[in-house]
Amino acid sequence: MAIRKLYGTLGSPDTIRALASIFEHELDFEFIPIDLNAGEHKTESFLSLSPFGLVPVYQDDGLTLFESRAIMRFITHYYLKPGTELVYEVPKLQGIAATWIDVEDHQFSPPAEKLRQELVDKAKKGLPMDKEVVAEAEAKLIKVLDVYEERLTHSKYLGGDRFTSADLTHLPYLYHLMGTPVKQLFEERPNVSTWCKDILSRPCWSRVVEMVEKDKV
Amino acid sequence: MAAIKVHGNPLSTASMRVLATVYEKEIDHEFVFVDMRAGEHKKEHFLSLNPFGQLPALEDGDLKLFESRAINKYIACEYADKGTQLIYQDSKMMAITSVWMEVEAQQYDPVASKLGWELAIKPLLGMSTDTAVVEENEAKLAKVLDVYESRLAQSKHLGGDCFTLADLHHLPTLHYLFGTQVKKLFDSRPHVSVWVADITARPAWLKVLALQSQQ
């Protein structure tokens, strides 16, 4: 029996965030799919693991965690890979990385999620997108990417000189948005474009994509 | 001269969140007032501290940080040996605290902030409250607090036995909500009620309120 389990939904950016952390640290685990359409996240047994009915849930050696960013933080601190840590040990350096993890959460994700719903979700369901919502979200995303462009002038990665959770945490929405016309907003900013290509070409990330794409078939 | 500068405004919940931490850790600091009414947070000097133009920002020597929860985690780690312990050193205990810190940020704060805006801030600005928004968000907050009630039946504080950032991060919005009709949602849940009374009585928090009332 696997000591590590991830309960989740492969279409969900939060589940993908947890998967990215797990694959980056090369951890063995069992994936247990949760069918949101069938209301599986509202059953008593699931709520006993995740009281808000949220995916993903991560179990590891007696711990049960929910909230993908908490899962990411636990994995990156607990399974430090010497030489390729996704965190900094020095508080002053980790402070900077932690700031950019929260930037993804509060600045990047909100417009990215709106665009994902309008351009990816609705397309899947054959529903028309709301052009006004898309325009508003794109305008917000542009402002965020302008800040990123400036930041990446001074720093190879968002959190500092190496790939950390501050970059990893962006992968789920990058994955969804790069398959839409919004891709252009990333490509037309040279530093952002280089950074995207770099992090999206990580071997561990390809394994996540493989797993997600297989599920679509 | 204090090494730490907190750039903020005592009326901003995010600024209060950082001030609470600075007081809990008993760190020498300078509070640099940012005049939001004059749009100071959108001007070049402040944007060099936080390119998103939002309060607060922290300077610690050469280090510049923004995002209140990230600032607080940094202070809790860097000044681990001073004042109140606000995080756990043990990875597994910290993981649980981390879950409830995310719950505050993702489940509680969006709803609490909307209610605070409608019921506490808008009236001060002479704007009218949107009752539909209030009703919708009171229902959401009730569901969040039901989960808190269960959690606090098993654990004295949200992150575990001890007071941590998982509790502290709630203080600023709690403060605004307690001056409104939303208070009843907290009072009617016994464990939540005890927890609120406990964390709002902390001396460090009372210092933040004293600073606010001076403005």
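How much space lies in the second largest pocket? About 700 Å³, the volume being the space filled by probe spheres set on grid points joined across faces, edges and corners. A pocket here is an open set of points on a 1 Å grid over the protein atoms alone, where a 1.4 Å probe fits, with protein on both sides within 12 Å along at least five of seven lines; lining residues have an atom within 4 Å of a point.

Before you click, note that this is a predicted model, where local features need pLDDT of at least 70, side-chain atom pairs count only at pLDDT 80 or more, and totals for chains, interfaces and linings use all residues. Residues are numbered from 1 along each chain as its sequence is written, chains are lettered from A in the order written, and side-chain values use heavy atoms, without hydrogens and water.

Select His77(A), Gln94(A), Cys77(B), Ile87(B) and Met94(B), the closest to the pocket's centre among its 30 lining residues. Next, colour helix H3 (68–78) and helix H4 (91–124) in both chain A and chain B: each gives two or more residues to the lining. Helices (at least four residues) and strands (at least two) are DSSP runs, numbered from the N terminus.

**Stop two: the sheet.** In chain A, find the open, mixed sheet of 4 strands, ordered E2-E1-E3-E4. Its edge strands are E2 (30–33) and E4 (63–66) of chain A. Strand E1 (residues 4–8) of chain A pairs with E2(A) in the parallel sense over 4 bridges; pairing takes at least two DSSP bridges. Now select Leu6(A), and you will find Phe31(A) of E2(A) opposite.
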